[in-house]
Amino acid sequence: MPRSVNSSAARSSGRAARAPRLPGAGRRFEGRRWTPLGFLLPFGLLFAVTYLAPICYAVYESLFKLQRSGLGLAPPTETFTGLSNYTAALADHAFTSSIVRVVLIGVVQVPIMLGLALVLALLLDARRTPAKRLFRLGFFLPYAIPGVIGGLMWSFLYEPSISPLTQALAHVGLHVDFTSDGMLPWSVGNMLTWGWTGYNMIVIHSALKAVPGEFAEAAELDGCTGWRLAWHIKIPMVRPALVMTTVFSIIGMAQLYNEPVLMRAVAPNLSSDWTPIMAAQNEVAANNYHAAATRSVLLALVIFILSFGFMRFVNKRGAAQ
Amino acid sequence: MSTSRPAGRTGVLAVLVLAAVYSLLPVWWLVVSATKDSSDLVSSSGFWFSGHFQLIENISDLLGFQDGIFGRWLLNSLFYAVGGAVVATLLSAMAGYVLAKYRFRGREAVFSTVLGAILLPAPLFALPLYLMFSATHLVNTFWAVFIPSVVSPFGVYLSRIYAEAAVPDELLEAGRIDGAGEFRIFRSIALRVLQPSLVTIFLFQFVTIWTNYLLPSLMLANDRLQPVTVGLVAWKEQRGQTVPYNLIITGALLSVIPIVVMFLLLQRYWKAGLASGSVK
């Protein structure tokens, strides 16, 4: 990127020196100063409306509170309350426990999913694996299915009355109720693993393909093959892809919403504030807009801290090695 | 190499086959179940066809159900996804092109802001957007879903990368010397060179909009405006009391087909997008 900046700078200054010889060139050059603005404006305006404004609006709203007069006759008024909405949200057991719940699910589910994705990517990258294209397409198919529809499908597969899985397990003497309290985190985690392993596998696999073949060949000549080749050569080389998929998975966990909402359709025992976004949406439904805004801001902060924290942690360890 | 030993190779194959079964079995169940009527859905084996093949009847029942609301949902989804993705692609192409090819103050600041927006997930913005749109009475209109759909920070990121790599400065200079205006240069030179990457951006945005659930479910209470994802989930939440399960399953299958077909047809384009995501 710096290269192209320099070359275009050199070129445009060269052109400016030549400019007076071309009729009207000076005017065109002046006009070009505004061109970037004109091209950026449509996207920029809409970006401001849909990304920047909501953040500012949520932060602003989170600092106010609806104050009702003693008798409740006058319309409620908005009063500034500083950070008291935040202390209230952090003291709200339902909200904090929804965060803890999602973190715990993530701690188990993300390593399982990424481990599986890595193993499959390595197998597809190994030279003698048969029918690679077919397998890759098969693993990727769940990603092509919209998350909500995938959730809808699994909610049927979990529903005790029609679940072919429950029936099949009962045949071998296992009686599993996917909708029971204890199973809920596992059932939701499985929906996520099913939906996202293929995507992560593709990302890791395309990073593996970028590793120059000579590395693997040299290692193989030295007798480093199979899993040792994967462990010592390939995995370290796709570390950036692993970091990226981990960060995206952490972010994905924080926005957990679709799967548990569909789970609720078969498991009424799943509470309506099961995940942070569900908890925030509960507040919207109860017309507590200020509380909802506060929870959204807190959630954004948690995501920011977690994903950037993880990246810094990884970078530090990378630097130490 | 361990995979050259027969036992190792069998092990590898077993892992691959197991993972493939895990990936495909639920989809297979969906296809098989869409061919059954309500009673066969409960009584027959879930992973195989029952005696009579009901798919056509299910589809015609589904399309006739509640004054054909399902067809309306499909059209809504198509409209949001195609319209939103076309506009988003154009806006991203313009912004990314300028960020790659022009030098101006604040360029890096703009690009960093866009990158930051990619890192924060869209669902996080859905609730604040809802609060903001309900304050401005945009909620429950077409625009409440369409406006957020035409903004794609990821598209801007992709188009900047592509424009940097694929649009030669010499070509732009030649256009300028020939007296073409800046927009004309963009339209007739840059857009043409960028065409393959525009397909990638379009594809990603189409899929994002088509699969979106949280935003439209918050914004749209009027079921005539809802996309197919919101409509189907609302049916499912009634737990089979008003809409029979076989119709919901058939609906789920129909709603998935356009997107799977698109993925399969445009494989090389999404691969390009994923690959550039991983070098970030």
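How many residues does α5(A) have, and how far does it reach from its first C-alpha to its last? Select this helix in the predicted model: α5(A) has 33 residues and reaches 47 Å, close to the 48 Å expected at 1.5 Å a residue (1.5 Å times one less than the number of residues). Helices here are DSSP runs of H or I with at least four residues, and strands are runs of E with at least two, numbered from the N terminus. Residues are numbered from 1 along each chain as its sequence is written, and chains are lettered from A and ligands numbered from 1 in the order in which they are written. Local features need pLDDT of at least 70, side-chain atom pairs count only at pLDDT 80 or more, and totals for chains, interfaces and linings use all residues.

Now colour chain A by pLDDT, the predictor's confidence in each residue from 0 to 100. Confidence is highest in helix α5 (residues 93-125) of chain A, at a mean of 93, and lowest in helix α1 (residues 2-18) of chain A, at 40.

Then show the contact between the chains, which takes 82 residues from chain A and 76 residues from chain B (C-beta atoms, placed from the backbone, within 7 Å). Helix α3 (residues 35-61) of chain A gives the most to the side of chain A that touches chain B, with 17 residues.

Finally, select chain B, which has 14 helices and 0 strands. Its C-alpha trace spans about 75 × 65 × 35 Å along its principal axes.

How values were computed
Two residues are in contact if their C-beta atoms, placed from the backbone, lie within 7 Å.
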